[in-house]
Amino acid sequence: VLSWMQDIAPYGIFTTDGELVVRSWNHWLAAHSGLSAEEVVGRPLLTLFPDLAARKLDTHFQRAICGEVSVLSTALHRYLLSPPTTAPEFGVGPMLQTVRIAPLPLPGRGVGTITMIEDVSQREMQAAILRRQQGYDRLLSEVLALFLKAESPGDAAAALFPRIAAPLKLDMY
């Protein structure tokens with residue numbers, strides 16, 4: 001079942017044994033990392049990706065072998081595996097990721113790890129757009145309140161421009 005699930009998963013999945021040797025690498029990872037399963041399977045994870053140890057992310061794999069689940073986010077860990085920029089011609093940066101590293105029981109061989117990498121770039125972009133829109137909504141509410149409280153439209157306009165210039169990136173000169 002794990003093999004079948006890995007093949008169709010809309011996110012990256014790889015497994016390791018207890019020595020952190022890669023045992024499986026799904027199609028999503030091959031497509032997004034540029035590394036085929038043949039290049040990765042059978043090789044030590046930390047040899048393939050030495051920056052994991054340099055960034056102290058290897059401890060999450062050791063914890064998984066001991067039975068703990070780790071969840072890594074772009075906000076705290078940037079990325080687990082650094083795939084190439086998805087659309088450099090459009091100025092899109094590296095993939096934003098949420099990663100789960102969990103223990104994987106291996107029959108007769110102890111415990112390994114299973115790692116799932118989800119591309120959350122679009123979700124994070126939508127959240128940023130929503131935050132920006134909420135800021136504009138707050139600004140509009142403040143402007144309307146200012147006009148309603150002002151004794152004259154001229155007074156309101158004079159007070160208004162400095163408040164809206166920075167959020168709307170307007171030149172005050």
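Guide: Two strands pair if DSSP finds at least two bridges between them. Strands (E, at least two residues) and helices (H or I, at least four) are DSSP runs, numbered from the N terminus. This is a predicted model, in which local features need pLDDT of at least 70 and side-chain atom pairs count only at pLDDT 80 or more, while totals for chains, interfaces and linings use all residues. Residues are numbered from 1 along each chain as its sequence is written, and side-chain values use heavy atoms, with hydrogens and water left out.

Visitor: ok, how many bridges join S4 to S5?

Guide: Ten, and the two strands run antiparallel. They form a hairpin with three residues between them. In the turn, Gly-108 has a positive phi of about 75°. Leu-106 stands opposite Gly-110 in S5.

Visitor: And S1 with S5, over how many bridges do they pair?

Guide: Strand S1 pairs with strand S5 (residues 110–119) over five bridges, in the antiparallel sense. Ile-13 has Met-116 in S5 as its bridge partner.

Visitor: New topic. Which residues touch the most other members in the largest nonpolar core?

Guide: Phe-14, Trp-25, Leu-45 and Phe-61, out of 18 residues. A nonpolar core is a set of buried Ala, Val, Leu, Ile, Met, Phe, Trp, Tyr and Cys residues joined through side-chain atoms within 4.5 Å. Buried means under 20% relative accessible area, exposed over 50%, and partly exposed in between (1.4 Å probe, protein chains only). Among the elements that each supply at least two residues of this core are helix H6 (58–65) and strand S4 (97–106). Another core, of six residues, lies apart from it and includes Ala-9 and Ala-102.

Visitor: How many aromatic pairs does the count come to?

Guide: Three. Rings of Phe, Tyr and Trp (its six-membered ring) pair if their centres lie within 6.5 Å; planes under 30 degrees apart count as stacked, over 60 as edge-to-face and the rest as tilted. Phe-14 and Trp-25 form a tilted pair, 5.5 Å centre to centre with 40° between the planes.

Visitor: What does that pair tie together?

Guide: Phe-14 lies in strand S1 (residues 12–16) and Trp-25 in strand S2, so the pair ties together parts that are eleven residues apart in sequence. Phe-14 and Trp-25 are both buried. With Phe-49 and Phe-61, they form one aromatic cluster.

Visitor: Last one. Which residues of H9 are buried?

Guide: Ala-156, Leu-160, Ile-164 and Ala-165.
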